[in-house]
Amino acid sequence: MENAAADGVAVCLDEGSDPYSLIVADLVALIGHVRASLRLIEAAIAREAFLAEQDAAANIVVLDDVTPRYAVASTTLRACDTGLGRALDRLRDSDAPARLLN
């Protein structure tokens, strides 16, 4: 096992393992994590909107609206998702090893 430079990520370089496959698998997993985070943010925004409606019905004023922070995080994660998807597409394009495209 070796540590990747500067970021401390452990990468298993077993004999016979294909670095290309490891990179693709890692990107696929990372995209899954980003999308799971997006779903959590969307659920949190929906919950905040529901609670705000309840508070408005009860004539309670809420001064600390966290929705803008969720919206900024969501926008940033969507950009990450797009970039990671493009990176994965580049790896899977016609220049990728033929054995992994099948």
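Over which residues does pLDDT stay under 50? That is residues 1-10, for which the model has 11 contacts beyond four places in sequence, a contact meaning heavy atoms within 4.5 Å, and pLDDT being the predictor's confidence in each residue, from 0 to 100. Where pLDDT is low, the predicted coordinates should not be read in detail.

Residues are numbered from 1 along each chain as its sequence is written, and side-chain values use heavy atoms, with hydrogens and water left out.

The protein chain averages a pLDDT of 77, and 64% of the residues score at least 70.

Turning to salt bridges, meaning a side-chain nitrogen of Lys or Arg within 4 Å of a carboxyl oxygen of Asp or Glu, a search of the whole structure finds 2. In one of them Asp81 pairs with Arg35, the closest N and O atoms being 3.0 Å apart. Asp81 lies in helix H2 and Arg35 in helix H1 (residues 19-57), so this pair ties together parts that are 46 residues apart in sequence. Asp81 is buried (under 20% relative accessible area), at 16%, whereas Arg35, at 43%, is partly exposed, the class between 20% and the 50% above which a residue counts as exposed (1.4 Å probe, protein chains only).

Arg78 and Glu42 also form a salt bridge, at 2.6 Å from N to O, and that pair links helix H2 with helix H1 across 36 residues.

Methods:
Predicted model: local features only at pLDDT ≥ 70, side-chain atom pairs only at ≥ 80, totals over all residues. Helix = DSSP H or I, 4+ residues; strand = E, 2+ residues; numbered from the N terminus.
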